[in-house]
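I opened a new page for this protein. Here is what I looked up, entry by entry.

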Amino acid sequence: MSAALLAILIAIAVIVAPFAALRMASRWRAPQPLPEDWARRLLATVPQAVAVPAARRTFYLAQCEQFLRDKRFVGCNGLVVSDEMRLAVTGLACLLVLRPDAAPYPRLRSVLLYPGAFLVPQDEPDELGLVDDAPVEQIGESWDGERVLLSWPDVEAALAGDEVNVVVHEFAHQLDDETPGVEGAPTLRNYERWSEVMQREYARLRRHRRPPVLDPYGAESPGEFFGVVTEAYLQRGADLQRHHTELYGLLHDYYGLDTAACVMWPE
């Protein structure tokens, strides 16, 4: 057996092992216990929660409680999941589901946390229609609407103010997946304004090599653009409002947070 083939087999085993354990654990899905004094600890852990309006604070915590009870957290590659990890991911994810009719990700069953970037198989063909056998390194993935994979150090970086927020990026994909056949948009009653603003801003990002706010990765596809603009909205609200006023207004009206007016990380 060649060294390259052995490396690929080892990588696949590392990827598959957590899912085998997850299938065993999912045979019995009792409600997950809530951490002690969870609401106070969650609000203290997630700086972005300061953007939740006072009128929606009770609803936000109710969404967080349901998420904590319903979703299973699994540590992978030796990572032991703590209450603080559960609270951090829950608090960030539920910032995106504050609409009165929103359920906290009904299709999602589990969140897999890794001690760093992880390897995932490639399934997207290149320009020649070929799929590379070698797995790729990622810090986050959203799979089939049923599970989200996250690098814990990158979650911590988002809490500390890093421009990349892997949690809200992947959970934006979860919202995207709730509407089959539509890429780059959550479920909406009317898509006219959303399509107009998002398509214009997506085309603008594809034209600019060094955009002032949005990660160029958003130019990969409408779905990735939705994830990237959601990150910017949570992490750089004032900058997004300044450079992309209509886009900020669109996300403000959908998510219901005035992130541009909040000081999340005092200097």
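**Entry 1: the cavity**

How much space lies in the largest cavity? I found about 30 Å³. A cavity, on a 1 Å grid over the protein atoms alone, is a set of points where a 1.4 Å probe fits but cannot get out. Grid points are joined across faces, edges and corners, and a volume is the space filled by probe spheres set on the points. The structure holds one cavity of 30 Å³ or more.

I noted the basis of the model before going on. It is a predicted model, where local features need pLDDT of at least 70, side-chain atom pairs count only at pLDDT 80 or more, and totals for chains, interfaces and linings use all residues. Residues are numbered from 1 along each chain as its sequence is written, and side-chain values use heavy atoms, with hydrogens and water left out.

Next I listed the lining, meaning residues with an atom within 4 Å of a point. Tyr105, Pro106, Arg107, Leu108, Gly145, Gln174, Asp177 and Glu178 line the largest cavity. They divide into three nonpolar, two polar and three charged. Here Ala, Val, Leu, Ile, Met, Phe, Trp, Tyr, Cys and Pro count as nonpolar, Asp, Glu, Lys and Arg as charged, and the others, Gly among them, as polar.

I turned to the second largest pocket, which holds about 410 Å³ of space. A pocket is an open set with protein on both sides within 12 Å along at least five of seven lines. Its lining has 17 residues, and Arg99, Thr187, Leu188, Arg189 and Tyr254 are the closest to its centre. Two elements give two or more residues to this lining: α7 (192-207) and α10 (245-255). The largest share, three residues, comes from α10. By type I noted nine nonpolar, two polar and six charged residues in the lining of the second largest pocket.

**Entry 2: the whole protein**

I stepped back to the whole protein. There are ten helices and six strands. Helices (H or I, at least four residues) and strands (E, at least two) are DSSP runs, numbered from the N terminus. Of the 267 residues, 47% count as buried. Buried means under 20% relative accessible area, exposed over 50%, and partly exposed in between (1.4 Å probe, protein chains only).

**Entry 3: helix α7**

I checked the length of α7. Its 16 residues should span 22 Å at 1.5 Å a residue, and its end C-alpha atoms are 23 Å apart, which agrees. The expected span is 1.5 Å times one less than the number of residues.

Which residues of α7 are buried? Trp194, Val197, Met198, Glu201, Tyr202 and Leu205 are.

I looked up Gln199 and read a relative accessible area of 55%.

**Entry 4: helix α4**

Nine of the eleven residues of α4 (residues 83-93) are buried, so this helix is largely enclosed by the rest of the structure. Among them are Met85, Leu87 and Val89.
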